[in-house]
Amino acid sequence: MQDLINKIYEDTYFIDIVSDIIKNKTVLQMKNYRQHYETTCFDHCLVASYYCYKYCKKHNLDYISCARAAMLHDLFLYDWRKRINGRKGLHAFTHPKTAYENANKLFILNDKEKDIILKHMWPINIFEMPKYRESFVLTIIDKRCAISEAIYQMRKQYSQKRAFRFLYIFLSFLILKI
Ligand SMILES: [Fe+2]
Ligand SMILES: [Fe+2]
């Protein structure tokens, strides 16, 4: 994961597109919240934004709007694992609007960027059908990122378990020798 983040920061053309967003104090608060497993909201948005940029550029779509909106798409700024106002489980349906409202206070968003943020949970949020092709791009890339983050965590846990198993065998040999 860190290798990918480093690679993203090395792509200066991409970084220029989102530089004002990633330097913004409110946006940086996303580093304090976990999105999927160990990945922070900030890193999740950065990776999603980068893949949106790559895909849209390759397919002659509006890569600037897509990258900028993707960087803001999860700017909800709370721990979604905890109850909000006594209710839990609505996060999937409500956070696009929260992220949009937060983003709209900080940046001037064009119509496409608004749609990309507000509709990114489609088709889970079945009534929020994306209007632009770039909005569909984020709906797919967002889910792909969530899956990659889950796989990364599973691999990490598996290698940790394996390391513990080797350590256990090694210590057992030491004890037996004594
Ligand atoms: Fe989201
Ligand atoms: Fe997301």
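The protein chain contains 8 helices and 0 strands, and along the sequence its pattern reads α-α-α-α-α-α-α-α. The model is a predicted one. Of the 178 residues in the protein chain, 32% are buried. Among the contacts between residues at least 6 apart in sequence, 60% join residues at least 24 apart.

**The nonpolar core**

- The largest nonpolar core comprises 35 residues, and those with the most contacts inside it are A48, C52, C66, A67, A70 and L138.
- At least two residues of this core are supplied by each of α2 (12-23), α4 (41-58), α5 (63-72), α6 (91-106), α7 (111-118) and α8 (133-177).
- Helix α4 provides the largest share of the core, with 11 residues.
- Leaving out residues up to four places away in sequence, A67 touches F14, I17, V18, S49, C52 and Y53.

**Helix α5**

- Helix α5 is mostly covered, since 9 of its 10 residues are buried.
- These buried residues are Y63, S65, C66, A67, R68, A69, A70, M71 and L72.

**Helix α2**

- Between its end C-alpha atoms α2 spans only 14 Å, whereas a straight helix of 12 residues would span 16 Å at 1.5 Å a residue.
- Residues I17, V18 and I21 of α2 are buried.
- Viewed down the axis of α2, the buried residues fall within an arc of 55°, so they line one face of the helix.

- Helix α6 has 16 residues and reaches 22 Å from its first C-alpha to its last, close to the 22 Å expected at 1.5 Å a residue.
- In α6 the buried residues are H95, P96, A99, Y100 and A103.
- Because these residues cover an arc of only 135° around the axis, they sit on the same side of α6.
- Both α5 and α7 are included in what covers the buried residues of α6.
- The axes of α6 and α7 come within 8 Å and cross at roughly 145°.
- On the α6 side the contact is made by P96, K97, A99, Y100 and A103, and on the α7 side by K114, I117 and L118.
- The residues of this contact between α6 and α7 divide into 6 nonpolar, no polar and 2 charged.

**Residue P96**

- Residue P96 has its place in helix α6.
- With 21 other C-beta atoms within 10 Å, P96 counts as buried, because the cut-off for a buried residue is 20 or more.
- Apart from its neighbours within four places in sequence, P96 is in contact with I117, L118, H120 and M121.
- Residues P96 and L72 are 24 residues apart along the chain, and their C-alpha atoms are separated by 9.7 Å.

Terms used:
Residues numbered from 1 in each chain as written. Chains lettered and ligands numbered in written order. Predicted model: local features only at pLDDT ≥ 70, side-chain atom pairs only at ≥ 80, totals over all residues. Core = buried A, V, L, I, M, F, W, Y, C linked by C-beta atoms within 7 Å. Buried ≥ 20, exposed ≤ 12 C-beta atoms within 10 Å, placed from the backbone. Helix = DSSP H or I, 4+ residues; strand = E, 2+ residues; numbered from the N terminus. Contact = placed C-beta atoms within 7 Å. Expected span 1.5 Å × (residues − 1). Arc of directions from axis to C-beta. Axes fitted to C-alpha atoms, helices over the stretch in contact; angles between N-to-C directions. Nonpolar A, V, L, I, M, F, W, Y, C, P; charged D, E, K, R; others polar.
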